[in-house]
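Could you help me read a protein structure, one feature at a time? Here is what I'm looking at.

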Amino acid sequence: MSSLTIHFMGDKQCRDSEAEKLMARSSRAALKKVAPHWRCSVDVTLTDDQNIAQINGEYRDKPTPTDILSFPLLDMVNGVYEGDIRQEEDPDTGRIPLGDMILSVERARAQAVEFGHSFDRECAYLTVHSMLHLLGYDHERGEEDRRLMRALEEEIMQELGLLRETGENT
């Protein structure tokens, strides 16, 4: 059975306990879907548009706000790790560190309004999307990988009971 430890960080004004609970549930659902027997950890930073734009500029040379950034620690392709994954375990925790996700709460709230769904659904979707990136999925690698990642996102969101509403854009 998979298990996931999540470390939430960020500015006090960006922290939202309800969003964090949903993000934890969403992260665990994604891990269970892709790597059901792994024991992992993830660091999640909740921030605003200004800070995520700075990070986006520094690491991706795109100094504009974005909804979520994913920084995987493992070299994986579509949920597959070549080699012995146990070698990646942190000796102090016995968990495999997957990486970091940085979410702009400000951007997630705006997108929820723009796409006509709840802030909770937007946070859950962005979290699932980011977890899949941390597990080696990449929609920018090609059309087949984009379809695979999108199908997994839909399956996980359905399992979470967070389906798209009719007429929704995302």
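Predicted model: local features only at pLDDT ≥ 70, side-chain atom pairs only at ≥ 80, totals over all residues.

Q: Okay, how many salt bridges does the structure hold?
A: Start with the general idea: side chains of opposite charge can pair when their charged atoms come close. The cut-off here is a side-chain nitrogen of Lys or Arg within 4 Å of a carboxyl oxygen of Asp or Glu. By that rule there are twelve salt bridges. One of them pairs Glu-20 with Arg-15, at 2.4 Å from N to O.

Q: Which parts of the chain does the salt bridge between Lys-33 and Glu-155 link?
A: That bridge has an N to O distance of 3.0 Å. The pair links distant parts of the chain, 122 residues apart: Lys-33 is in helix α1 (residues 17-34) and Glu-155 is in helix α5 (residues 143-159). As for the labels, helices (H or I, at least four residues) and strands (E, at least two) are DSSP runs, numbered from the N terminus. Lys-33 is partly exposed because its relative accessible area is 30%, and Glu-155 is partly exposed too, at 37%.

Q: What about Asp-84: which residue does it form a salt bridge with?
A: Its partner is Arg-86, with the closest N and O atoms 3.0 Å apart. Asp-84 is partly exposed at 29%, while Arg-86 counts as exposed at 57%. Elsewhere, salt bridges that share partners join Lys-33, Glu-155 and Glu-159 into one network.

Q: At what angle do the axes of α4 and α5 cross?
A: Axes are lines fitted to C-alpha atoms, for helices over the stretch in contact, and angles run from 0 to 180 degrees between N-to-C directions. The axes of α4 (residues 119-134) and α5 come within 10 Å and cross at roughly 135°. That makes α4 oblique to α5. For the wording, under 35 degrees is roughly parallel, over 145 roughly antiparallel, 65 to 115 roughly perpendicular, and the rest oblique.

Q: Which residues make the contact between those helices?
A: Contact means heavy atoms within 4.5 Å. On the α4 side they include Tyr-125, Val-128 and Leu-132, and on the α5 side they include Met-149, Leu-152 and Ile-156.

Q: Last one: where does Leu-135 lie, and is it buried or exposed?
A: Leu-135 lies in the loop between α4 and α5. Its relative accessible area is 0%, so Leu-135 is buried. Not counting residues up to four places away in sequence, Leu-135 touches several residues, among them Ala-30, Val-34, Trp-38 and Leu-98. The C-alpha atoms of Leu-135 and Ala-30 are separated by 9.1 Å, though the two are 105 residues apart along the chain. Trp-38 sits in the loop between α1 and β2 (39-47), and is buried at 15%.

Note on methods:
Residues numbered from 1 in each chain as written. Heavy atoms only, no water. Buried < 20%, exposed > 50% of the residue type's maximum accessible area, 1.4 Å probe, protein only.
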